[in-house]
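Subject: Structure for your review

Dear colleague,

Please find below the structure that I am handing over to you.

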Amino acid sequence: LLEIEGAIGSIACVLVMHPENEAVLEHACGILTSLTTTNELASTVIESDVCPTLMEVLGSSQTPVSVLMTGVVFFRTICHAEHDFAEKLNGIIPNVLDAMRQHTDNTKFQREACGFLWVASCYSEETKSTIMSMDGVALLMATLENYNGIDVVEEVALGAFRELTLNAQH
């Protein structure tokens, strides 16, 4: 665990030193996702300075879609391990939704973004409300229409749609 903490500290330092370097941000998100394979490791990452720094980066409208994609994978992984963390993600929801609207032809991003919305809305009513208030349901419907028959996107878009609509009635 000590080695992991050291690695996380190094990544936090790199994020502060290179907040606009697309390749660095993508790799950092990928490494952090790999480091959060257990609840204990996810807790260690959450307790570090990495999450607020990444949320700030992902909350910027200037964030490249490739960084946003690897970032939502990381935060989705964190939410699976620490369900309460989903409450903290409202600051990046607008950028995720905007990027989904702007990059409708990016299958990988659409899949990861829909998966992120699904997981985040599963664990947080506040996040679910934020997504719904920003026309997230209509966006997911458009995504389902755009990716009809493309299972890799359709499955997660449908999961997010169901979480936001069907489960909101209970």
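Is Arg 111 buried, partly exposed or exposed? Arg 111 has a relative accessible area of 28% and is therefore partly exposed; the term buried stands for under 20% relative accessible area, exposed for over 50%, and partly exposed for what lies in between, with a 1.4 Å probe and protein chains only.

Before the details, a word on the basis of these values. This is a predicted model, in which local features need pLDDT of at least 70 and side-chain atom pairs count only at pLDDT 80 or more, while totals for chains, interfaces and linings use all residues. Residues are numbered from 1 along each chain as its sequence is written, and side-chain values use heavy atoms, with hydrogens and water left out.

Overall form

The protein chain has 10 helices and 0 strands; these are DSSP runs (helices H or I, at least four residues; strands E, at least two), numbered from the N terminus. For 170 residues a compact globule would have a radius of gyration near 15 Å, and the 15 Å of the protein chain agrees with this. That radius is taken over C-alpha atoms, and the globule rule is 2.2 Å times the number of residues to the power 0.38. Along the principal axes, the C-alpha atoms fill a box of roughly 45 × 35 × 25 Å.

Of the 170 residues in the protein chain, 48% are buried. The protein chain exposes about 8,400 Å², with carbon and sulfur atoms supplying 53% of it; accessible areas come from the Shrake-Rupley method with a 1.4 Å probe, and for residues only the protein chains shown count as cover. Among contacts (heavy atoms within 4.5 Å) with a separation of 6 or more, 70% are between residues 24 or more positions apart.

Salt bridges

A search of the whole structure finds 5 salt bridges, each defined as a side-chain nitrogen of Lys or Arg within 4 Å of a carboxyl oxygen of Asp or Glu. Arg 111 takes part in one of them, with Glu 112, where the closest N and O atoms are 3.0 Å apart. Glu 112 is buried, because its relative accessible area is 12%.

In helix H6 (residues 93-102), Asp 98 and Arg 101 lie 3 residues apart, about one turn of the helix. They form a salt bridge whose closest N and O atoms are 3.4 Å apart. Asp 98 counts as partly exposed at 33% relative accessibility, as does Arg 101 at 36%.

Glu 125 forms a salt bridge with Lys 128, again with the closest N and O atoms 3.4 Å apart. Glu 125 is exposed, at 55% relative accessibility, whereas Lys 128 is buried, at 3%. Both residues lie in helix H8, 3 residues apart, about one turn of the helix. Elsewhere, salt bridges that share partners join Arg 76, Arg 111 and Glu 112 into one network.

Cysteines

How many disulfides are there? The count comes to 0, a disulfide being a pair of cysteine sulfur atoms within 2.5 Å. For Cys 13, the nearest cysteine sulfur is that of Cys 29, 16 Å away. Cys 13 counts as partly exposed, at 41% relative accessibility. Cys 51 is in no disulfide either, the sulfur of Cys 79 being the nearest at 9.5 Å. At 1% relative accessibility, Cys 51 counts as buried.

Helix H10 (residues 151-165) has 15 residues and should span 21 Å at 1.5 Å a residue; its end C-alpha atoms are 20 Å apart, which agrees. The expected span is 1.5 Å times one less than the number of residues. Among the buried residues of H10 are Val 153, Val 156, Ala 157 and Leu 164. Their cover includes helix H7 (107-123), helix H8 (125-133) and helix H9 (136-146).

Thr 33 is placed in helix H2 (residues 22-35) and is buried, with a relative accessible area of 18%. Leaving aside neighbours within four places in sequence, Thr 33 is in contact with Thr 70, Val 73, Phe 74 and Thr 77.

Gly 59 sits in the loop between helix H4 (50-58) and helix H5 (65-81). Gly 59 is partly exposed, at a relative accessible area of 34%. With neighbours within four places in sequence left aside, Gly 59 is in contact with Gly 91, Ile 92 and Asn 95.

With kind regards
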